[in-house]
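Colleague: Hi! Could you walk me through this one? I'm still new to reading structures.

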Amino acid sequence: MSIEAVEAGVSAGNKKALFQQLGASAARLTGLPAKQIVSAVNEREKLGSTGFGGGAAIPHGKIEGLDRVCGLFARLDTPIDFHAVDGIPVDLVFLLLSPPDAGADHLKSLASVSRAFRDRQTVAKLRGARSKDALFALLAGVEARDAA
């Protein structure tokens, strides 16, 4: 993960607007069309909300043309309704994109992000971080811990 994949202060009125913004950001990171990314994430979301509780969500999708698992973190200014399992609006979002054939790597990445989002201390630090740099340092630390 690079600092370009971290966004703080994201403003979106609803899930659709958020996906459009995340799609545009992910397009800059991957070089793939935003429309393709948004479409894949929306398809997955139709199966059920990726808002898994505690104000966190991990929208994800499989993308043709992607050569590796790719993540993008966004902290929202104002939480939005995500139809999460606990009904709590979401303000922490980790977009996870994978190549269609990245089965195990995709699941490993999903598990890693969900572990981080279930850790109350990590979530409190992500919400309290004052800058994009601080968010990146926190996320890089989580990534390093999971790799160990």
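Modeller: Happy to! This is a predicted model. Let's begin with α2, where K35 and K46 are exposed on one side of the helix.

Colleague: And which residues of α2 are buried?

Modeller: Those are I37, V38, A40, V41 and E45. They cover an arc of only 160° around the axis, which puts them on the same side of α2.

Colleague: What covers the buried residues of α2?

Modeller: The cover includes α1, β4 (60–62) and β6.

Colleague: How many residues does α2 have, and how far does it reach?

Modeller: α2 has 13 residues and reaches 18 Å from its first C-alpha to its last, close to the 18 Å expected at 1.5 Å a residue. After the helix comes G48, whose phi is positive, near 155°.

Colleague: Let's switch to β5. Is β5 largely enclosed or open?

Modeller: Largely enclosed by the rest of the structure, because eight of its 11 residues are buried.

Colleague: How do β5 and its partners run, parallel or antiparallel?

Modeller: There's one of each here. β1 (residues 6–10) and β5 run parallel, joined by four bridges, while β5 and β6 run antiparallel, joined by seven bridges. To find these pairings in the picture, look for A8, whose bridge partner in β5 is R75, and for L72, which stands opposite L95 in β6.

Colleague: Is H83 buried or exposed?

Modeller: H83 counts as exposed, because its relative accessibility is 57% and the cut-off for exposed is over 50%.

Colleague: And H106, buried or exposed?

Modeller: H106 is buried, with a relative accessible area of 6%. H106 lies in helix α3, and its side chain makes a polar contact with the side chain of S98, at 2.5 Å. Not counting residues up to four places away in sequence, H106 touches H60, K62, V69, L96 and S98.

Colleague: Which other residues of α3 are buried?

Modeller: Besides H106, they are L110, S112, V113, S114, A116 and F117. The helix itself covers residues 103–118, and its 16 residues reach 22 Å from first C-alpha to last.

Colleague: Last one: which residues are buried in α4?

Modeller: In α4 (residues 120–128), T122, V123 and L126 are buried. They cover an arc of only 100° around the axis, which puts them on the same side of α4. R120 and Q121 are exposed on the other side. At the start of α4, a side-chain oxygen of D119 reaches to within 2.9 Å of the backbone nitrogen of Q121.

Colleague: Thanks, that helps!

Methods: Residues numbered from 1 in each chain as written. Predicted model: local features only at pLDDT ≥ 70, side-chain atom pairs only at ≥ 80, totals over all residues. Heavy atoms only, no water. Helix = DSSP H or I, 4+ residues; strand = E, 2+ residues; numbered from the N terminus. Expected span 1.5 Å × (residues − 1). Buried < 20%, exposed > 50% of the residue type's maximum accessible area, 1.4 Å probe, protein only. Arc of directions from axis to C-beta. Polar contact = N/O pair within 3.5 Å; in protein donor to acceptor, adjacent residues only side chain to side chain. Contact = heavy atoms within 4.5 Å. Pairing = 2+ DSSP bridges.
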